[in-house]
Amino acid sequence: MTEQTVTITLPKRGAALAVLQRYGVYIAIIVLLLYNLFFTPNFFQIENFRTQFVQVVPVLIVALGMALVIGTEGIDLSVGGVMALAAAVIPLYIGYGLVPVVIIAIVVGSLVGFINGSLVAFVGVQPIVATLSLMVAGRGIALLIANEQLKSVTDPNLLAIGRDSLVGVPFSVIIAVVLVLLIAVLVNRTTFGKQLIAIGGSRRAAELSGLPVKRILLFVYVLCAVLAAMAGIIGTARLGASVPSTLGNLIELSAITAVVVGGTPLTGGQVKVAGTVAGALLLQFISATLNQHNVPDAFSQITQAVIILFAVYIQRGKTSAR
């Protein structure tokens, strides 16, 4: 008669970590919404959500571009400066009409992206160094263009982008949704998206495979800057003024937080578009919750820092497995 050994397999801690890595941002949103349902008066009013969605648009749009850059194992700290530059040129050319001024603002932003991409792809400068220099220079140039002054913008067509609605949905939110869908298709349904992810996974392997690595990196930084310029246009339209001294200030922190919390690792090789959207919404809901409970803004920034550290810690297992 032989003895049989019965083995009982208990759930590993790694399983819980995997759930947090994949669904943590969505779980956090649900928990936060439940908290506000019971403890924050009027949070679930339609007008409040409308306000939250309008306020999150610039961060979300910038975060989409940041997700692409991070997907290549890069970073772009110049997005706030690009927003300021886009805002600074608007008063100069608004007399030519909405379409020309939007094109000019986007072209100005794309030039910054072209410089960033060229430094990273062709010169070999580290992304954080290349974009840090444009972060400082971009806002400085914007202040020179504006003579360090706030300038009102009264063109009704431009103001409509930031203030008007279509069937109750703000135009800025519609623009953000369209951009989210376009970036999702670009990442998940195109050869470019697959190549971008391959470069982030291993740039050396991508080069050996014959991928146009430098060209792709250049385009990624240009696209990130174009999205930042669009965020600057929308921010200016919402404010009704060009304020390059403050517009986009520290938005790179919020964008990076949204991307990382949404599941895109800083080590590249992945781009989570839906997660980036959820990350931006989570930050906005946290900020709104703290504001409605009269918590100082300084704590909101501290909260973002804690979220970044926690998200990076959670991603360690995912990175090690690659």
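Is Asn294 buried or exposed? With a relative accessibility of 70%, Asn294 counts as exposed. Keep in mind as you look around that this is a predicted model.

**The whole protein**

- A compact globule of 322 residues would have a radius of gyration near 20 Å, and the value of 21 Å for this protein agrees with that.
- If you follow the C-alpha trace along its principal axes, the protein spans about 95 × 55 × 35 Å.
- Of the 322 residues, 49% are buried.
- Take the contacts between residues at least 6 apart in sequence: 78% of them join residues at least 24 apart.

**Two helices side by side: H7 and H10**

- Helix H7 covers residues 171–189 and helix H10 covers residues 213–239; they pack at an angle of about 170°, and their axes are 11 Å apart.
- Because of that angle, H7 is roughly antiparallel to H10, the cut-off for this label being over 145 degrees.
- On the H7 side, the contact is made by Ser172, Ile175, Leu179, Ile183 and Leu186.
- On the H10 side, Leu223, Leu227, Met230 and Ile234 take part.
- Sorted by class, this contact has eight nonpolar residues, one polar residue and no charged ones.
- Here is a handy rule for reading such lists: an α-helix has 3.6 residues a turn, so residues three or four places apart point the same way.

**A closer look at Ser172**

- Ser172 lies in helix H7, where it is one of the residues making the contact with H10.
- Its relative accessibility is 1%, so Ser172 counts as buried, since buried means under 20%.
- Leaving aside residues up to four places away in sequence, Ser172 touches Val54, Val57, Ile161 and Ile234.
- One of these, Ile234, belongs to the H10 side of the helix contact.

**A mostly covered helix: H11**

- Helix H11 runs over residues 251–261 and is mostly covered, with 10 of its 11 residues buried.
- Among the buried residues of H11 are Ile251, Glu252, Ser254 and Ala255.
- The list of buried H11 residues also includes Ile256, Thr257, Ala258, Val259, Val260 and Val261.
- After H11 comes Gly263, which has a positive phi near 110°.

**Residues to find in the loops**

- Leu250 sits in the loop between strand S4 (241–242) and H11.
- The phi of Leu250 is near 65°, a positive value in a residue other than glycine.
- Leu250 has 40% relative accessibility, so it counts as partly exposed.
- Asn294, the residue from the opening question, is in the loop between helix H12 (273–292) and helix H13 (297–314).
- Although Asn294 is not a glycine, its phi is positive, at about 60°.
- The exposed label for Asn294 follows from its 70% relative accessibility, because exposed means over 50%.
- Pro212 lies in the loop between helix H9 (203–208) and H10.
- With a relative accessible area of 23%, Pro212 is partly exposed.
- Pro212 and Leu196 are 16 residues apart along the chain, and their C-alpha atoms are separated by 9.9 Å.

How values were computed
Residues numbered from 1 in each chain as written. Predicted model: local features only at pLDDT ≥ 70, side-chain atom pairs only at ≥ 80, totals over all residues. Heavy atoms only, no water. Axes fitted to C-alpha atoms, helices over the stretch in contact; angles between N-to-C directions. Helix = DSSP H or I, 4+ residues; strand = E, 2+ residues; numbered from the N terminus. Parallel < 35°, antiparallel > 145°, perpendicular 65-115°, else oblique. Contact = heavy atoms within 4.5 Å. Nonpolar A, V, L, I, M, F, W, Y, C, P; charged D, E, K, R; others polar. Rg over C-alpha atoms; globule rule 2.2 N^0.38 Å. Buried < 20%, exposed > 50% of the residue type's maximum accessible area, 1.4 Å probe, protein only.
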